[in-house]
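User: I'm new to this one. Can you walk me through it?
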Amino acid sequence: MKSGEVGKKVNRRRVEPPSRIAVVLSLLAVLFVALPVIALLRDVAWSRLISDLTTPEARSALRLSLLCSISATALAAVLGVPLAWVLARVEFRGRGFVRGLVLLPLVVPPVVAGVGLLAAFGRNGMLGGTLNMLGIRITFTPIAVVIAEAFVALPFLVLAVEAGIRSIDRRYEDAARTLGASRSFVTRRITLPLLAPSLAAGLALAWARALGEFGATITFAGNIQGRTRTVPLAVYLLLDSSPDVAIALSLLLVSICVVVLVALRARWIGAIR
Amino acid sequence: MSLVAQIQVRVGELDLSVEFEAAPGETIAVLGPNGAGKTTLVRALAGLQPIDSGRIVLDERVLDERVLDQPSGASKEIFVPPEKRDAGVLFQDLALFPHMSALANVAFALEAGGVPKREAERRALALLGSLAIGSVSGARPVSLSGGEAQRVALARALVREPRMLLLDEPLSSLDASTRSNTRATLREVLEGFNGVRIIVTHDLADVVALASRVLVLESGAITHHGSIQEVLANPSSDYVRHLVSQNPNI
């Protein structure tokens, strides 16, 4: 530890000072990210914050958002963890293609994702007819919200968990096998416990993304209070009629994101590296 | 009880092709330079690397068999997975589970075989005690010294009372003083173990101290075979000639 600190100091003394333009532009970049948050804080009606957050509209949006985002995270985990395992451990043709495809929701405009989901699950969609015959209607229901949120959240989960599985040393699993452990025993007692930090990171990121989903939800699930109007949709709608409530809800979303990022800081930075 | 191994396997650049037998109660050293295929041999015996052709038989039980039947072109295949092989393996870098205590690492091997947790921990603790490391049973691997970690890994490999003990470079990660100490422990353990014992090493001192017979493995093939004195008296490869010149006292 000590020698590292000394090394750091020596480094600092010897490093050439960074270019002034880079410093100025970096400061601008930080400001660019921080400014909206600061402005938001300025606009919050602090004295009425609690009452704003407990209006019937806000409460119904919060309840729905919480329920849907947790369900979406669970759905993304059920589908995403096995996929992450396959991508990390199984060599097959087209693995690169599959990995690229899974990242698609990350870059595709959410509205377009919503249009795609409508085309797939909508009443006249590809699977809509079959679902209709079975008496299942998805569009404009909370299920549509969950699907839209899971769709956009999946890449976050897969990326974090795949990186986690890759970082697990295969020797531990090999050693466990020679000690008489079946594959499922190894998964339960070795792989999953070692994966826990990455899995937690993936779940948190996926949940934060699901919670903030707007474009795909409003396109695919609509904007019905108590059924599909999640917090982001409520924020958008209330910005005209009751801006204080909209801003209070925005503050809540920002706070949740900050908490998630701070909690994951070490992991997230590690994953990028 | 004995081991019959005829192994042909290709892993990356390495073409391993070896044939040998081992009797219980004797310790065979597999000596060779880096990249000779020593670890691959251990992995093949342990079932972590299925062989391309040949057979591995332990105590009359076929563990791995892949024989191409020439006339018909059909192949006969048997593969016993690692957890059913009764092989205790000490890995080169130990591979102690980082999220478990020393005790849990050892008990794991018993629990994997269906022994209830409490009973497994009781037996694990007794074994750690007999290796004089009962006091560190609650410690995580990261806080163990090199010699302690080595003994925990050894206990873990032995606790199920396997029929075959495979030690991959058991002393290479230790510093000189810990090494001679641990070598003495290892010698006692090996003498108390009745099954087939194979120790992989690149250190002639290990061979002299621990083994009764040596196989020299170079580039995937056995180049020398016999007692250590026989091998050193008749070196037929640069590697062994070099060993002789480096160790004039042996």
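The chat below goes through the core, the domains, the strands and the chain contact.

Analyst: This is a predicted model, where local features need pLDDT of at least 70, side-chain atom pairs count only at pLDDT 80 or more, and totals for chains, interfaces and linings use all residues. Residues are numbered from 1 along each chain as its sequence is written, while chains are lettered from A and ligands numbered from 1 in the order in which they are written.

User: Which residues touch the most other members of the largest nonpolar core?

Analyst: They are A148(A), A150(A), A153(A), L157(A), V106(B) and L166(B), out of 141 residues in that core. A nonpolar core is a set of buried Ala, Val, Leu, Ile, Met, Phe, Trp, Tyr and Cys residues joined through C-beta atoms within 7 Å. Buried means that 20 or more other C-beta atoms lie within 10 Å of the residue's own, with C-beta atoms placed from the backbone.

User: Which helix gives the most to this core?

Analyst: Helix α8 of chain A, residues 142-167, with 17 residues. Helices are DSSP runs of H or I with at least four residues, strands are runs of E with at least two, and both are numbered from the N terminus.

User: Why does the core lie between the two domains of chain B?

Analyst: Domain 1 (1-86 + 162-178 + 196-250) and domain 2 (95-160) of chain B both give residues to the core, so the core lies between them. The bounds come from an automatic or database domain assignment.

User: How far apart are the C-alpha centres of those domains?

Analyst: In chain B, the C-alpha centres of domain 1 and domain 2 lie 27 Å apart. Their contact takes 6 residues from domain 1 and 5 residues from domain 2. Two residues are in contact if their C-beta atoms, placed from the backbone, lie within 7 Å.

User: Now strands. How does β1 of chain B run against β2?

Analyst: Strands β1 (residues 3-11) and β2 (residues 14-22) of chain B run antiparallel, joined by 9 bridges. Strands pair if DSSP finds at least two bridges between them. Q8(B) stands opposite S17(B) in β2(B). The hairpin has 2 residues between the strands, and G12(B) takes a positive phi near 60°.

User: What joins β1(B) to β4 of chain B?

Analyst: 6 bridges join β1(B) to β4 (residues 53-58), and these strands run antiparallel. Here A5(B) stands opposite I56(B) in β4(B).

User: Last topic: how many residues does each chain give to the contact between A and B?

Analyst: Chain B gives 17 residues and chain A gives 15 residues. On the side of chain B that touches chain A, α2(B) gives the most, with 3 residues.

Technical notes: A residue is buried if 20 or more other C-beta atoms lie within 10 Å of its own, exposed if 12 or fewer, and partly exposed in between; C-beta atoms are placed from the backbone.
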